[in-house]
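Here's a quick briefing to go with the structure below.

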4 protein chains.
Amino acid sequence: MGAIDGKGFINRINQIGAEIWFDGEKIDGKISEHPAFKGLLQTKAALYDMQQNHDLKNMMTFLSHKSGQPVGLSYMQPKTKEDLIKRRKMIEHWARYTGGIMGRSPDYLNTVLMSFASSVPFLKGKENCFPDHLQAFYEYAMENDLSFTHTFISPQVNRSQVYFERNKEPITAKVIATNEIGIVVKGARLLATQGGLTDEVLVFSVGKILLNEDEAFAFSIPSNTRGLKFICRDTFVGGDSSFNHPLSSRYDEMDSIVVFDNVLVPWNRVFYYNNQEVAEDFISRSSFHHFAKHQVVTRQIVKTEFLLGIAELIVETINIRGYQHIQEKMSEIIIGLETMKALLERSENNATIDEWGYMRPDIAPLKVAGTLFPKIYPRFTEIIQLIGASGMISLPTENAFHSTIADDLHQYLQGASKPAEERVKIFRLAWDLTMSAFGTRQTQYERYFFGDPIRLASDLYNSYPTADYARQVGRFLQLETEE
Amino acid sequence: MGAIDGKGFINRINQIGAEIWFDGEKIDGKISEHPAFKGLLQTKAALYDMQQNHDLKNMMTFLSHKSGQPVGLSYMQPKTKEDLIKRRKMIEHWARYTGGIMGRSPDYLNTVLMSFASSVPFLKGKENCFPDHLQAFYEYAMENDLSFTHTFISPQVNRSQVYFERNKEPITAKVIATNEIGIVVKGARLLATQGGLTDEVLVFSVGKILLNEDEAFAFSIPSNTRGLKFICRDTFVGGDSSFNHPLSSRYDEMDSIVVFDNVLVPWNRVFYYNNQEVAEDFISRSSFHHFAKHQVVTRQIVKTEFLLGIAELIVETINIRGYQHIQEKMSEIIIGLETMKALLERSENNATIDEWGYMRPDIAPLKVAGTLFPKIYPRFTEIIQLIGASGMISLPTENAFHSTIADDLHQYLQGASKPAEERVKIFRLAWDLTMSAFGTRQTQYERYFFGDPIRLASDLYNSYPTADYARQVGRFLQLETEE
Amino acid sequence: MGAIDGKGFINRINQIGAEIWFDGEKIDGKISEHPAFKGLLQTKAALYDMQQNHDLKNMMTFLSHKSGQPVGLSYMQPKTKEDLIKRRKMIEHWARYTGGIMGRSPDYLNTVLMSFASSVPFLKGKENCFPDHLQAFYEYAMENDLSFTHTFISPQVNRSQVYFERNKEPITAKVIATNEIGIVVKGARLLATQGGLTDEVLVFSVGKILLNEDEAFAFSIPSNTRGLKFICRDTFVGGDSSFNHPLSSRYDEMDSIVVFDNVLVPWNRVFYYNNQEVAEDFISRSSFHHFAKHQVVTRQIVKTEFLLGIAELIVETINIRGYQHIQEKMSEIIIGLETMKALLERSENNATIDEWGYMRPDIAPLKVAGTLFPKIYPRFTEIIQLIGASGMISLPTENAFHSTIADDLHQYLQGASKPAEERVKIFRLAWDLTMSAFGTRQTQYERYFFGDPIRLASDLYNSYPTADYARQVGRFLQLETEE
Amino acid sequence: MGAIDGKGFINRINQIGAEIWFDGEKIDGKISEHPAFKGLLQTKAALYDMQQNHDLKNMMTFLSHKSGQPVGLSYMQPKTKEDLIKRRKMIEHWARYTGGIMGRSPDYLNTVLMSFASSVPFLKGKENCFPDHLQAFYEYAMENDLSFTHTFISPQVNRSQVYFERNKEPITAKVIATNEIGIVVKGARLLATQGGLTDEVLVFSVGKILLNEDEAFAFSIPSNTRGLKFICRDTFVGGDSSFNHPLSSRYDEMDSIVVFDNVLVPWNRVFYYNNQEVAEDFISRSSFHHFAKHQVVTRQIVKTEFLLGIAELIVETINIRGYQHIQEKMSEIIIGLETMKALLERSENNATIDEWGYMRPDIAPLKVAGTLFPKIYPRFTEIIQLIGASGMISLPTENAFHSTIADDLHQYLQGASKPAEERVKIFRLAWDLTMSAFGTRQTQYERYFFGDPIRLASDLYNSYPTADYARQVGRFLQLETEE
């Protein structure tokens, strides 16, 4: 089968018919026609179409060693720096189509699954671990171009530091039984982005320290598995008009709570379970962080370029280039962009082959980028609001431009270098990215992409060779206790 | 007539029938029943009802010296510190009803008109100035409890520093002719909040340096004056449900572009025109800034209390009080609140009688508060997002809680100290204040309430007695050039 | 005896002859003539002289109820708001003499002792507590105008969160024995500012949570008590010239490590000991924080005025008032100054009588000021460096202005509005306050005046009535779990 | 002759005997023995010694094409990326010797002169330009290993935006006459770091917009040229002890005002004069910024490593690794370090051959680094102060550790993982870098290394291809006015 196209994707998702709850109702009929989902699904279809586009095929796919078919390039396991760069270019290309806004374009979780598969040997011989299942599933997913959602956050009942769940009925998803067919999971996970809109749900845990044994698992199941329910948040699609809502009309990825109502996961889909140590170590010792961050940082750079372009368009439109404070704000975005690019480049330059033969990008600059972006992205959205100022508020709709009042709008909303309609388009884009419900969800999403910022800072410090630098200073001071 | 109640207000606004354009259509029928406006008008009606409430009447009104009728207390010209405090308590009371969110509750522009009237003598004997018109109009407005919108921003065509409008047709509203009946105005103004939803439109300019002679005017006209059009932005009402949209369903004040299509302003409504010097000096030498800022800072304090309450509810709900970074964030809001309160208190303590006999609050602390709030308010909304974290995203709707999926929600969304439904209510409120289109418009609104922050900083510096402190240091250093 | 003058003070300190170690040598001879101490002691003498100055006497002293003598006003126990304001004016007056720079002018610890005495009833009937000793000592200190240093920081061996001292020999000062004459103390305390330069050393603990029983005490002993040693840091006096070193030549307060080498503290000087609960509660329930913070905030306001004056002198001297970024920086200082003033004013306005009959200023605004100043003061010193820019570096000395090269200096270092010599004086002052070893110690000192900033933030949050605000929002949302 | 060693350097500087004024006196005798200069000169000598060190020679020098002699590598004109990296390694090596603290190690101005020489063709055929003089002087300097100071700041009389000097006698150095022998210069320049301590003074202007014709020149003259005077600031050498003053005792570079008292610059040392356009264009179009910033950023990275090492030593010494806020602060330094490294790496990766055949590093990432470091360096010094906290203050001297009080110090100042003496050494280093007069001058120096930060931000924005990004967004929005 190999790499699919948009039509194939849409058909498959419609057929799956996962149990999705939206505003108190279970969705019936074609999901691809539902107002809250159609824009997003069309956008994803457009991404898949690139895989079949004659000019792009070489960039977007590679030939499977197994089937000889072209398969999605984000499934490729890199063995050289050139492979890494190929991966990055493919990721960039998809990211550019949405201005870096689609956080869960298919390459993200494809990359995660690829990183897991690249660390299969780690699981060998460990209790309750099934490296062969993982390897086989990776190949199956690649050959069939499966798409994924995943979910790694437990319900936020009580975030105090010493909380242990004591409820009778599980809240956090747990293995409550095993049988011949597989493991039985009950409970919930939060924030499955695009939940129900993908072929599969990949379930595993990251960085939770007080992980219970029965929460220590990794598996993947089809979205329409019996007992699996997706409960959506409110939609952030502002409407159909891409004039009024240039982003939300097309890119609202939807987030949902995933309920596991005694879901039976067959053994061949279980990668490991009931092994707390492996659950922690696999994530930290595999190439998960390396490849996932490489994908994310690439997309975030494209997004920063998009932001810089919007900011510059506003500056041009109302002719404010001459102001010192505008120059400072613009230079802040430039500093962010160059920094992110330099960090990504450094991670590729200093990539090394891991113990299993794959080329891992250097993790330190990627961690830095991953710690930085959650701080600078919200600031960039603030800068756009500060540059747009009062102009961000009084924005009429597409219909107004097609009404008898249009002449007034053309006269009174003209920009220094743009007609009124273009000016309103530009400001509506800026608004949709930074001030609509869609836009603020983007901000919150980038802020927490890799989890708690405080934990990220600790992890960066704890994994960095600061002792080397201390030793150098120790020698400078001729301390006897530092060699 | 005197102070009105809610019903009287609604009837009057429906009768006025201003020309309001919304999403390309002219509004027909009762404005009080239109989905984009009904919530706001009901909220305003509730405010007016307090004027007739037996228990509150004494706090909300005072007896007119002229008619002997109870009239709205925000119209009162303060002559003592007690008067100032009475005004503040009245303002607080109205502000509390909306958590300080309604920026243009009627007391704001009542206060502005009162401050103008309190400086009537300044206009005496000056060219093209009509102090008697202003005095008479103030009394008329007070006795009839008129409500106002106003508009002081010119279209943002070109914000470069040296821009002079050269269009043939005016863009910025201008006096293009005068005749026996009055002055003729053509052009537009931006950002009339509640435009078309008030009895009158008060038009004047603040702080524009390159003011042209024909833009130098102040007047008030009924909202239904011939040639006057209000072109609305998109609505930020999220829907009718106050569970889903606790704020936007009730408080979206709407902003509009005001078009003056050869509007004839009768002479008795013109306070001054074609006098650039007066246009600048009246604003800076009258008590406008004193009383307007006194009203605004009072409301902003109430809003800060509301924010602090929301933040604390989140902390309680998910039990995160023990985290050091939560404590720091909460203390930031507390510092802001105590600081704003202290500045307001200082402005009242140090109030002085002005040359025309009115008790002006001290302006320096109010300017400081007015410079501070645009910085701390956005930070407070960010703090709420940081405290709420991922919990701000996955919020189901009211309908979901009344559907067959409700049990799952009750189980998986429960908080440490609150049932799921209350938890969702709290987070939805936090979301509506900081992340909905309604909420981000609030943030932008507070950021620019008193105009360009850079100009505010310059003005604060230039009006502050820094030379006195320099002189003290000069004496410390025994400099000969400092006496 | 009553309030002393400068000469009396100098004589007394010289006679005391505490054991002070400076740069590896024990100080011999008159301390008032030692280059590291003479400037400071002369400054303190000038402060005491004000108590005998005919014009100031009424402001600086009050008549002791006991002796009928005029005694230092900082010893006065306030019973009315007028008393509070009297205290504040006295504090301001002393602070102005040094631009608010002398952090440990005598009024600071006089105030502390006064606050202790005002809470004497708290100690009544508690184990190992001697309220009568405290009351008698307060009266004795007041009548003799004793001056104090104090010390409340334990050695910083190991600041990890779970450290318990396990050394055989005590490091932190402890009660190691008691006998008929008193308690025996061994160990050290850090950072006694002006250690050895005062009549007495007041020893107690603040806010240490893991306080051991044997570290839980409060007492006062003469600086020349046997076994008491003061080990000084390096001097920060830059030299004698007040042109070159306008601040350090006069105000370097010196900090020292205090060693208790089996010091015997007589019973009549012990206020409490070996009572951990009292040690914590006395500090938190007495008026210590109220009065100490009232003194400190008053001084910090004077210091901010001094800083603002210096900044303004620089602006004038090199004529940079027109720059937007200068205006913003100056307005930042103004915002800080008005805020501090407003908070102090609010604390006085809302002062209340405590259970023992004394008028305590409201603590919340003082805590806010105490949390704010450690952040804004370092920023203000940075602003001065940013305003002075490269001009802060190339500053010639007084001798250069009296040499044959003087003409070149007059020509090339002239300012826009000042001759070269005055310009250099101004910049040297700015440098000495923000960039000399003296100045950076000032910055560090203000940063940590009330201890760990993180603890301050927690304490502010935990003592603030946030639940009230949560309840209001609960009512707004009609939550059933909030009444 | 070629690359010199330390002894050669010291002898040459002593022989030159420039006219240096220090504290009102003209320096007589060997400058290398003067307390204010000896430490610095010994440090420089140690750097030069590396050029003759057998193991380092290959890294520190290259063979002159002209003389065949080994000459200093910082004089090398790079033609390949490998050359660039060679240059960077040499720069790093010298920088490491002083922890990156010596801002004007000889490689800095060697690099500047090299960049000028690499752009010699630009001057060809232009009025008042002498490309041959520049080329010849570069070769002469290289072959003789000359060292330089330079000076590009005009006296700060009046920094207002529209200031024109109107004094009769020049203040800013100007060409006041020309004759057969050369040009005559009168006036002053500020901030010649190491002024009088180098062979030569290189004089040119950077980035001054209102440059007068007679201030538009570039030349180099020996430090002992008749009429040339260096007026020093006060010394920041704290003393001879490297225990007490580990940095200032060895690295105080001294800054001076340079007075040109009718200095005659011979024609063969004039590179251009009286040509305003060339003076501006040569700096912006030559490789000056590329190579100078490449040197500076390399050194700043070494300095950041030094800072990180100090911070880590403090953390270890008092065992505070476990604190969240410590981890955050440490991660801030790490983020800065990785970012600077990534930017430098990117500038090398993307280096390109310029029109005259030399390999220029990419300027954008270097500009970003040059805009970033002035903000992060002061923050890093603040972090060190915050980590060291009260421990930064009470630091006894070397003598104290050799006195009878030493036992007390050993007991009471011990650290968790270090004996007292080492702990004090570490803290003294931290203090000398961030809080001594030497250290704060370092901070101010890094803040302004490339001049006014606001101008840097404007320049970054104005040179960045933001229009490309605007165009991409224009296409996304299908704007007709953007192609």
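Strand β7 of chain A (residues 182-193) is largely enclosed by the rest of the structure, because 11 of its 12 residues are buried. Buried here means that 20 or more other C-beta atoms lie within 10 Å of a residue's own. Keep in mind that this is a predicted model.

*Pairing with β6*
- Strand β6 of chain A covers residues 174-178, and it pairs with β7(A) in the antiparallel sense over four bridges.

*Pairing with β11*
- β7(A) also runs antiparallel to strand β11 of chain A (residues 255-266), and nine bridges join them.
- Val184(A) turns up here too, standing opposite Leu264(A) in β11(A).

**How chains C and D relate**

- Chain C superposes on chain D through a rotation of 180 degrees with 0.0 Å of shift along the axis, at an RMSD of 0.0 Å.
- The two copies are therefore related as by a two-fold rotation axis.
- Both copies use the same surface, as 98% of the contact residues of chain C recur in chain D.
- Which residue of chain C comes closest to the rotation axis? That's Ala437(C), whose C-alpha is at 2.8 Å.

Technical notes: Residues are numbered from 1 along each chain as its sequence is written. Chains are lettered from A and ligands numbered from 1 in the order in which they are written. This is a predicted model: local features need pLDDT of at least 70, side-chain atom pairs count only at pLDDT 80 or more; totals for chains, interfaces and linings use all residues. Helices (H or I, at least four residues) and strands (E, at least two) are DSSP runs, numbered from the N terminus. Two strands pair if DSSP finds at least two bridges between them. Copies are superposed by least squares on the C-alpha atoms of residues with pLDDT of at least 70 in both. Two residues are in contact if their C-beta atoms, placed from the backbone, lie within 7 Å.
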